[in-house]
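Hi,

Here's the structure I said I'd pass along. Have a look at it first, then read on for what turned up.

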Amino acid sequence: MSSHADRLAALREQLKSDRLDGFVVPLTDEHMSEYVGSYAQRLAWLTGFDGSAGAAVVLPEEAAMFVDGRYTLQVRDQVDPDHWSYQLVPQTSIAEWLSKHAPAGGRIGYDPWLHTHDWVKKASAALAEKGAELVAVTRNPIDAVWSDRPEPSRAKLVVHGDRYAGKSSAAKRQEMAEWLAEQKADGAVLAALDSIAWTFNVRGQDVSRTPVALAFAIVNSDGTADLFVAGEKVGDDVRQHLGNGVRLHERSAFEGHLRGLSGKTIAVDPERSVAAIQAALEQAGARVLAKRDPAVLPKAIKNETEIAGHKAAQARDGAALVRFLHWITVEAPKGGIDELKAVAKLQEFREASGVLKDLSFDTISGAGPNGAVIHYRATEETNRPLEMNLLYLVDSGGQYADGTTDVTRTLAIGTPTQEMRDRFTRVLQGHIDLSTAVFPTGTRGSQLDSFARRPLWEAGLDYAHGTGHGVGSFLAVHEGPQRISFVGSSQSGGDEPLQAGMILSNEPGYYKAGAYGIRVENLVLVVPTQVDGAEKDVLTFETLTFAPIDRSLIVAEMLSPRQRAWLDAYHAQVWDLIGPQLDGEVKSWLEEQCRPI
């Protein structure tokens, strides 16, 4: 089916056949994943939108796309306004929109394997006000019209050894068993792919940019587990690694297994498990205990082995990034470099290490106005040259067996304007103020978010995304539960208390639509610190990412003495860590970039 308009028309015909008056299309998969395998990219297939957060609703006469502030520009570039209206969340929601637009008495379909139980309750209540109903489908109508839909990946699972994980799968499961005993529960469902990968110390290749395998699991109160994964994906090495404490089943057997848990008390994460899981348990007569996935918090709090591995990955990744930044500064002014060439060159520098497993996300390579698209991805249609006197924003990362990286730098190609330098310096001030924050234990990310925004706020400016997200250990580049984000942000998790061992991004930005974008991003580790006279335990951040910050964009006079001291000390660290990995012109260039401001 060639055009997205044709696909929308075909879906509407299928809905008629299915006696439905509408259908809700989320971005996610059966695991509530942010990034999904090609087989599950129904939203992109239908609409053309390929951002990492969004949803759509299709009715007989109208259709709506729902995105947050990160995607207000991207959705207009990718989704046809002749067929779709654009809805901004959290200002509105699918439930609210349906309550106003669904036909009275209508039947609105949803796939119970793609939505949470709480979402179903809210949407059902909103539709009930119109006398309409939410209807669970047994077959997704998009799958019925998507004739060349890819098959799920058949890639093998890979053992993630203790030398990277720092703790055995058996030890992790035993800790979960102790937690289950406290909850008086017989087992816990693990549906999130990164939780399964972390718990069993395995990795996969089923989702682009995230090293996970398609699977479900139940961890039992005796420390054993049932793992549901396609048998063809499990080699002898993985069977031996998992041992006798893990019973293997086909992934397709998961729902049937749930229906056999009559009389059991099963913990299910309401955020990370789909409605179909709870429905199957309830129909079986099991008691559902709404509790957070027991892997989520321990996965977020990195152990000493994971922290050491991350630092090794950052040092390696930083050298690749510095080689790229030097290349840009030399080649871009000559002409002939565009966004896609830059993406390919940066990946080439990372691959030169010989140990890169994958990128951690599709590189954001935005020249001039494309840099103002927060989650921009260059295509042949949008590709821009890196011309003189514009800003270039590059946000990228690598997946290595010992760690996951994520870093953004903004460069001036040629001579930046005074406005660009002012805005950049304000973003940098916010970045520094968050980097140097000292806070008592129990502090939440939402309480720290304004540290990064204040310099922009003072000029009547802001940015429409959270300031920081958690990062996994050779896992998801966006990992919960911690976030640094304003209350009500589309990125949930700002209420999670920060704890020592958590890794987060620090990435304030500024975006002038149609002109340029600015972001400065490093990863930081939450660490304990000492404060004279402190009456509570105190935490701060240790910076983990090392690459120079473009001097030509900094208005030094705007920096306070404290901010200037941080910047000079940071550049000294960059030189000490990255300099010895370089030679020749690149090393001389880095030395110049790292001299005191």
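**The cavity**

By class, the lining of the largest cavity comes to 7 nonpolar, no polar and 1 charged residues. Bear in mind that this is a predicted model. The residues in question are Leu157, Ile196, Ala197, Val202, Arg203, Ala213, Ala215 and Leu227. Helix H9 (193–200) and strand E9 (202–203) each put at least two residues into that lining. As for volume, the largest cavity has about 40 Å³, and the count of cavities of 30 Å³ or more is 1.

**The loop between E16 and E17**

Two residues here are worth a look together. Asn370 sits in the loop between strand E16 (364–367) and strand E17 (390–396), and Thr382 is in the loop between E16 and E17 too.

Buried or exposed, what is Asn370? Its relative accessible area is 13%, and the cut-off for buried is under 20%, so Asn370 counts as buried. Thr382, at 27% relative accessibility, is partly exposed, because that class runs between 20% and 50%.

Leaving aside neighbours within four places in sequence, Asn370 is in contact with Glu339, Tyr376, Thr382 and Arg384. With Glu339 there is also a polar contact, side chain to side chain, at 2.9 Å. On the same terms, Thr382 is in contact with Glu339, Asn370, Tyr376 and Arg377. A polar atom of the Thr382 side chain also lies 2.9 Å from the backbone nitrogen of Thr379.

**Helix H19**

Last item: H19 covers residues 584–593, and Val586, Trp589, Leu590 and Gln593 are buried in it. Why do they lie on the same side of H19? They do because they cover an arc of only 100 degrees around the axis. In general, an α-helix has 3.6 residues a turn, so residues three or four places apart point the same way. Among what covers the buried residues of H19 are helix H14 (304–331) and helix H18 (561–578).

Cheers

Technical notes
Residues are numbered from 1 along each chain as its sequence is written. This is a predicted model: local features need pLDDT of at least 70, side-chain atom pairs count only at pLDDT 80 or more; totals for chains, interfaces and linings use all residues. Side-chain values use heavy atoms; hydrogens and water are left out. Helices (H or I, at least four residues) and strands (E, at least two) are DSSP runs, numbered from the N terminus. Buried means under 20% relative accessible area, exposed over 50%, partly exposed in between (1.4 Å probe, protein chains only). A polar contact is a pair of N or O atoms within 3.5 Å; within protein, one must be able to donate a hydrogen and the other to accept it, and residues adjacent in sequence count only if both atoms are side-chain atoms. Contact means heavy atoms within 4.5 Å. The arc is that of the directions from the helix axis to the C-beta atoms. On a 1 Å grid over the protein atoms alone, a cavity is a set of points where a 1.4 Å probe fits but cannot get out, and a pocket is an open set with protein on both sides within 12 Å along at least five of seven lines; lining residues have an atom within 4 Å of a point. Grid points are joined across faces, edges and corners, and a volume is the space filled by probe spheres set on the points. Ala, Val, Leu, Ile, Met, Phe, Trp, Tyr, Cys and Pro count as nonpolar, Asp, Glu, Lys and Arg as charged, and the others, Gly among them, as polar.
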